[in-house]
Amino acid sequence: MNKPFIFLCPEITRANALTLMDWLEDEGVTRYLSDSRHVSRFIEQVIDRVQLPILTHLFNQGGRFFMAYDRHDVPVGFVRLVKKGSDCEMVLVIGNRDNWGRKLGASAIREGMKLAFFDMRAEKLIAKIHPDNARSLKAFLRSGFLLESETPTMKSFVMNSDRYLRFLRESPAAHASDITITEIDKARLKNLVEFGEGPDIFELEHEIERAIVVDPRQVAGDVVTMNSKALLEVDDEEVEVALVYPEDADDRAEKLSVCSGIGTAILGYKEGDAFSWRIPNRTCHIRIRKVLYQPEAAGDFHL
């Protein structure tokens, strides 16, 4: 549970804006940020003129802005994604020097790629980095980006959607274990994603695409498949849940939709797996204590 973990939150609060101002006053943070003065002036004007607790709409002018939080729900940086046609450009900053060297940048890049390709439907993601910015160069190269072009003052790295899907399957994120889904579940879940609605449906698509897919008769009996029942430890609380399709969801009966936060989170994990997952307003820590019932193990392949 100590592996690098980052969640990108789209809501920007007034407190976030003040934190950003502090970061942008550090020359070490802004040294390679080409528009740091413009960003700093913009934030200062927002704080002075707008007395709202939530400033998301102001930060999303010309792109999408996300605060990066660690597993303790502490803001550690930000990511900005700007869509231009079918391409998207990413700007990443880890704002507090105390967090440098913890590989949080690579985790933020992972989350940025997820949003760019699954939520924003980019065909290509671009990162423009100063040649002397060794930390960023290393982080983007380790995240699978390829050098496309360079000048004395800028290196341009790219990741296209096809390469991203291969990278997703072949190089799992440091904080995430492999997950397994059955061929039957994948077919039905992909149909659900295609016609599904909701702001977080892309999270489910991401999990489907990174999963190992097996014949239902070959899935291990301790894996959470669709219509399984499992005993979870969520933070410090034990809860027994069933993972179901949206039409069967019932919070009062602990029947979790696979499109819900924790429902998406537990899909494909096995007994003993522990991981962090972001749900609205906080990060929760989940452990699969026991799979109490799995339809495949019971021979029920057509639920």
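A crossing of two helices is called left-handed if the near helix is turned anticlockwise from the far one by less than a right angle, and right-handed if clockwise. The structure is a predicted model, in which local features need pLDDT of at least 70 and side-chain atom pairs count only at pLDDT 80 or more, while totals for chains, interfaces and linings use all residues. Residues are numbered from 1 along each chain as its sequence is written, and side-chain values use heavy atoms, with hydrogens and water left out.

Helices here are DSSP runs (H or I, at least four residues), numbered from the N terminus. Axes are lines fitted to C-alpha atoms, for helices over the stretch in contact, and angles run from 0 to 180 degrees between N-to-C directions. On the helix 8 side, the contact (heavy atoms within 4.5 Å) involves K186, L189, K190, L192 and V193, which meet I201, L204, E205, I208 and E209 of helix 9.

A second pair is formed by helix 5 and helix 7 (residues 161-170), whose axes are 11 Å apart at an angle of about 130 degrees. That angle makes helix 5 oblique to helix 7. This crossing, too, is left-handed. R110, M113, K114, F117 and F118 of helix 5 make the contact with S161, Y164, L165, F167 and L168 of helix 7.

Leaving aside residues up to four places away in sequence, K114 touches D119, Y164, F202, E203 and H206. Its side chain makes a polar contact of 2.9 Å with the side chain of E203, and another of 3.2 Å joins the side chains of K114 and E111. A polar contact is a pair of N or O atoms within 3.5 Å; within protein, one must be able to donate a hydrogen and the other to accept it, and residues adjacent in sequence count only if both atoms are side-chain atoms.

Key:
Helix = DSSP H or I, 4+ residues; strand = E, 2+ residues; numbered from the N terminus. Parallel < 35°, antiparallel > 145°, perpendicular 65-115°, else oblique.
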